[in-house]
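The following account leads the reader through selected features of a protein model. Please keep the sequence and the structure in view while reading.

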Amino acid sequence: MISIYTLTSELHDEQAVGAVTKEFLESLGFDYAFKGSNYADYGSSPLSLIYVRTGGTEGIFKKLLPELLAKTDAPFYLLTSGKSNSLAASMEILSYLRQNHLKGEIIHGSAGYIHHRVTLKAKVAEAKSQLKGSRLGVIGQPSDWLISSHADANIVKQQLGIELVDIPMQELLDVIAVTPETSPLEVSDVTIVKDALPGANRIYQALKEVMEKYKLQGFTLRCFDLLTAIKNTGCLALAKLNAEGFVAGCEGDVPAMLSMMMVRSLIGMSGFQANPSTINPETGEMLFAHCTIPLNMVERYEFDTHFESGIGVGIRGYMKPGPVTVFKVSGDLSRCFIAEGELARNQANPDLCRTQQIIQLLDKSQTSYFLTEPIGNHHIILPGHHRELLQELVR
């Protein structure tokens with residue numbers, strides 16, 4: 001819900017201002033709760049707007065500010081029609097906020113522009129609300145080769161409201177050991193995969209139990225440990241859990257998991273955790289691959305073995321060609337990468353991780369990021385173009 005509060009100079013006639021207010025707000029085309037000058041519950045809605053209706057309101061806002069800061073740490077969004085010197089007052093207020101190292105933005109323009117901007121902010125505000133209080137597990141430490149893929153738990157808690165929960169790998173192995181093996185729903189004509197499916201389903205059931213115990217909304221798993229410990233893989237479990245509304249990441253990569261959680265809060269889908277296998281800087285074409293993908297992201301899928309080990313169950317998923325976004329945040333949340341592109345085609349070469357996507361970046365110059373300043377190797381692929389939403393979320 002969007003809540004709208006007002007700032008109005010005492011010099012202006014309330015009846016006249018009220019008529020302008022009604023006409024202006026109705027022209028914007030979104031639902032809202034009108035709070036007027038009563039700021040008692042300011043900040044209780046995911047998105048609060050301060051409608052600066054007239055000039056001469058700067059002092060009113062300055063006096064009100066300590067009360068507002070006690071209620072929320074969200075940026076201040078100043079809505080203005082531009083009438084009665086409201087834009088000038090908004091600029092003075094925003095300048096004051098900046099001088100005091102506080103965030104804010106003036107939302108002003110055509111009705112269509114304001115509608116788009118407010119709708120965007122409402123969606124991001126709802127996503128931030130979902131992130132706060134969520135719990136993500138780190139099952140085992142990041143894989144030994146992920147030397148840059150850790151995260152600062154304090155920063156993650158402070159900035160995103162997400163609590164990282166460390167869970168020993170042995171605990172999952174103990175749960176797997178006592179989890180009965182049941183017949184999976186999945187089938188395969190490949191003997192080695194068919195034989196591995198009951199064990200892969202056992203991992204899936206055990207992970208669900210661990211998630212329930214720790215009240216997790218997601219996790220990242222040091223999955224390669226399963227290869228030596230139980231001769232199977234977590235790829236199927238991750239593909240299913242991601243499709244069921246959780247976040248399930250590979251290799252203990254915490255920044256990748258955080259990126260997936262942020263994506264899920266915005267679009268309701270975890271995204272495909274994959275690493276670039278080849279890059280053509282001259283054309284902007286890239287090949288991304290991994291042995292798992294959320295089952296709700298693909299048009300069809302088939303089973304194979306896990307690529308590196310040749311055992312267990314890997315997923316070869318075929319996603320619908322079309323617009324995609326590539327996304328990644330760093331573990332200290334100080335950096336991010338966002339690129340829009342087109343999924344040109346899927347492929348199934350035998351010498352790569354099983355799900356393989358050829359993606360054409362819209363801006364080929366962005367390939368230089370991967371070769372000069374990458375945030376680790378894993379990146380998140382999500383269907384659709386979402387640059388604007390993600391940029392707003394990571395501000």
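How many of the five residues of strand E6 are buried? In this predicted model, four of them are buried, and E6 is thus described as mostly covered.

The neighbours of E6 may be considered next. Strand E6 (135-139) runs parallel to E7, to which five bridges join it. Within this pairing, Ile 139 stands opposite Ile 167 of E7. E6 is also joined to E8 by four bridges, and these two strands likewise run parallel; here Gly 137 has Phe 219 as its bridge partner in E8.

Attention then passes to helix H6, which spans residues 169-178. Its buried residues are Met 169, Glu 171, Leu 172, Leu 173, Val 175 and Ile 176. The elements that cover them include strands E6, E7 and E8, together with helices H7 (191-214) and H8 (224-229).

E9 gives the most, with three residues. Among the lining residues are Leu 238, Asn 242, Cys 250, Met 260, Phe 272 and Thr 292. By class, the lining comprises seven nonpolar and five polar residues, with no charged residue.

Conventions: Residues are numbered from 1 along each chain as its sequence is written. This is a predicted model: local features need pLDDT of at least 70, side-chain atom pairs count only at pLDDT 80 or more; totals for chains, interfaces and linings use all residues. Side-chain values use heavy atoms; hydrogens and water are left out. On a 1 Å grid over the protein atoms alone, a cavity is a set of points where a 1.4 Å probe fits but cannot get out, and a pocket is an open set with protein on both sides within 12 Å along at least five of seven lines; lining residues have an atom within 4 Å of a point. Ala, Val, Leu, Ile, Met, Phe, Trp, Tyr, Cys and Pro count as nonpolar, Asp, Glu, Lys and Arg as charged, and the others, Gly among them, as polar. Buried means under 20% relative accessible area, exposed over 50%, partly exposed in between (1.4 Å probe, protein chains only). Contact means heavy atoms within 4.5 Å. Two strands pair if DSSP finds at least two bridges between them.
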